[in-house]
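I opened this structure to take notes on a few of its parts. The entries follow the order in which I looked things up.

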Amino acid sequence: MKQMEMLSRSHTPLLSNAYINFHSRTNRFKYRPSFIVSASRTNGEGLERRITRKRRKQESIPMRVNLKAPFLEKIFNILDSAITEFLDPPLHFSVDPAKILLGNCAPVDELIPTECKVVYGTIPSCLSGVYLRNGPNPQFPPNGPHHYLDGDGMVHCIRISHGRATFCSRYVKTNKYVFENQVGSHAVPNVIGGMHGLGPFIARATLFAARVLFSGFDIGKGIGVANTSLALLGGKLYALCESDIPYAIKIKDDGDIITLGHHDFNGSLSMNMTAHPKIDPTTKEAFAFRYWTTRPYLTYFRFDAEGNKQPDVPINSMKHSSLTHDLAITQKYAIICDIQVRACPMNLVRGEPLVGVDPNKVPRIGVLPRYAADESNMKWFEVPGFNIFHAVNAWDETDEEGGEVVVLVAPNIVSVEHFFERAVGQIHGSMEKVRVHLGTGVVSRHIMSTKNLEFPVINPAYIGKKNKYVYAAIFSDQTPSETRMMRASGVVKLDVTTSEEEHEGLNECTMASRMYEDNCFGGEPFFIERDPENPCSEEDDGYVVSYVHDESSGESRFLVMDARSPTLEVVAAVKLPQRVPYGLHGIFIRENDLYNL
Ligand SMILES: [Fe+2]
């Protein structure tokens, strides 16, 4: 009954006057897209959209490419357009830039550090530091198929000091970004959107090879977009994307972000790595992996507390490629999921997208001792229909017979075949708790919530340890399916320690939730502890923060919510000086840690 009351209260809209002002039309929206989706013109078959680049101020970056060949670049662009016109299949909406780069999915310009106004409440003093969130923000209009995840990484940073806030948005200056900035167009093929069918793939690869040859592009420095997440490895800050090695970045005293460069950890990281390394909060070690399209399909590795990468552990027991996006750790093990989504070069031969779903593959959970030097002690457990992209947390338990159990909490993507294309709105993130009995091989599963949830986070101090509370973004059926999984309607707090019996019939372990107002959407929430130095702090003693955008007024805000409140009450709102596009993952770095970056 108590839980039912919480559920009903949690959906009550915010009533404070200050928050209502958030939606005021009097807040004039300065809409500054980097592209202009131009006036569609009518032809015999209907509407035609054009995307053109808006003039922008770019920060000065070193000249590195051959600018004596603008004529060649024009030729390359004509050939690129010809590939789209004559070789590509008709653009599906999921890779049609005119359809996905609209509204608050459209990119914005860079913004220098700009002071913000706290328009509601007071920013808690424990939030001194920076909250950064990464996300795709294409520098140039794509001249062909473009998936949302193909965009160049832009980091949106709010620096908080003594209750005042400064905001800035900066591209990660990747090798791709710098090259395209110099040639003035979208020149590097899209890894996801551009891989559909063998003909277009070969044509784009050939054209890109010509560009590399004639323009001086150093492909050895990667083509990644660094758009997915941010992580501290050995106390240093990196922007990550799983198609490349990390980019080191730094926060300046004024809150500005500078890119230090592609970072291969003294030559020890030669290939890509996951964008979701897991940091042990006690040892400060980082556990990670990379996947690939050829054997070994997955390679596990870790970094010590100083950020030194340790030797690779090839996982040859992976029989097929798997688009494994995340891993979990316990105190003893690394948990790796082998899912049905995979990158298969043969798909191109069949005229299909490179990334697809293998309906004949049974998903598995792999349990590997986290300090393993090889995979000899790795165990695999089949878990039909268990396809996850993000792992919330995992921990070790013991069953009644004293046997080892690994518990994994993660949103399982139901109807995963729709994830990358076709109908993203038809997928559903179903929060599950999975118990794997290592001795008997028995796997039990329990659905913790019927809501559509993704972008889960916990108190980072509990990574690898048994924890109670999970915060996740809620995706509503009321948002258009095309952009549903980019626009979170609210945030939920779950108690994942409740047993099956405790909420049998209700099928919910929701402790609190907050639905944003009409036409307001956010993304990943992030939990920040109130007092990380206090060993007696409760797990949920802190704040949940997120960027939230009002699509009616065009205004973006940084919201601070009380994690212990049954309604996740907003305690502070900061009006941001520029729109923040919907994005991916974030991090909070405390003031003291900033000096060591
Ligand atoms: Fe992710």
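Entry 1, the sheet. Before reading the strand order I noted the rule for pairing: two strands pair if DSSP finds at least two bridges between them. The model I am reading is predicted. With that rule I found an open sheet of four strands in the order S28-S29-S30-S31, and the pairing is antiparallel. I then asked which strands lie at the edges. They are S28 (453-457) and S31 (510-515), each of which pairs on one side only. On average, neighbouring strands of this sheet are turned by 25 degrees against each other, direction ignored.

I looked at one pair in more detail. S30 (residues 490-495) runs antiparallel to S31, and five bridges join the two. One bridge I traced goes from glycine 490 to methionine 515 in S31.

I looked up how H3 and H6 pack, and found an angle of about 175 degrees with the axes 10 Å apart. Angles over 145 degrees count as roughly antiparallel, so H3 is roughly antiparallel to H6. On the H3 side, the contact is made by Leu72, Phe76, Leu79, Asp80, Ile83 and Leu87. On the H6 side I listed Gly199, Pro200, Ala203, Arg204, Leu207, Ala210, Arg211 and Phe214. Sorted by class, the contact of H3 with H6 has 10 nonpolar, one polar and three charged residues.

I went to H5 (residues 175-183) and asked which of its residues are buried. They are Asn175, Lys176, Tyr177, Phe179, Glu180 and Val183. Next I checked what covers them, and the cover includes helix H3 (70-87), strand S9 (164-171), helix H6 (198-215) and strand S13 (257-262). Just after H5, glycine 184 takes a positive phi of about 80 degrees.

I took two of them in turn. Histidine 276 lies in the loop between S13 and strand S14 (278-279). Is histidine 276 buried or exposed? Histidine 276 has 22 other C-beta atoms within 10 Å, so it is buried. Leaving aside neighbours within four places in sequence, histidine 276 is in contact with Ser229, His325, Asp326 and Leu327.

Histidine 325 lies in the loop between strand S17 (313-315) and strand S18 (327-329). Histidine 325 is partly exposed, because 18 other C-beta atoms lie within 10 Å and a buried residue needs 20 or more. Not counting residues up to four places away in sequence, histidine 325 touches Glu242, Thr274, His276, Phe389 and His390.

Phenylalanine 588 counts as buried because it has 21 C-beta neighbours inside 10 Å. Setting aside neighbours within four places in sequence, its contacts are Gly129, Tyr131, Phe526 and Ile528. Glycine 129 is 459 residues away along the chain, yet the two C-alpha atoms are separated by 7.2 Å.

Note on methods: Residues are numbered from 1 along each chain as its sequence is written. This is a predicted model: local features need pLDDT of at least 70, side-chain atom pairs count only at pLDDT 80 or more; totals for chains, interfaces and linings use all residues. A residue is buried if 20 or more other C-beta atoms lie within 10 Å of its own, exposed if 12 or fewer, and partly exposed in between; C-beta atoms are placed from the backbone. Two residues are in contact if their C-beta atoms, placed from the backbone, lie within 7 Å. Axes are lines fitted to C-alpha atoms, for helices over the stretch in contact, and angles run from 0 to 180 degrees between N-to-C directions. Angles under 35 degrees count as roughly parallel, over 145 as roughly antiparallel, 65 to 115 as roughly perpendicular and the rest as oblique. Ala, Val, Leu, Ile, Met, Phe, Trp, Tyr, Cys and Pro count as nonpolar, Asp, Glu, Lys and Arg as charged, and the others, Gly among them, as polar.
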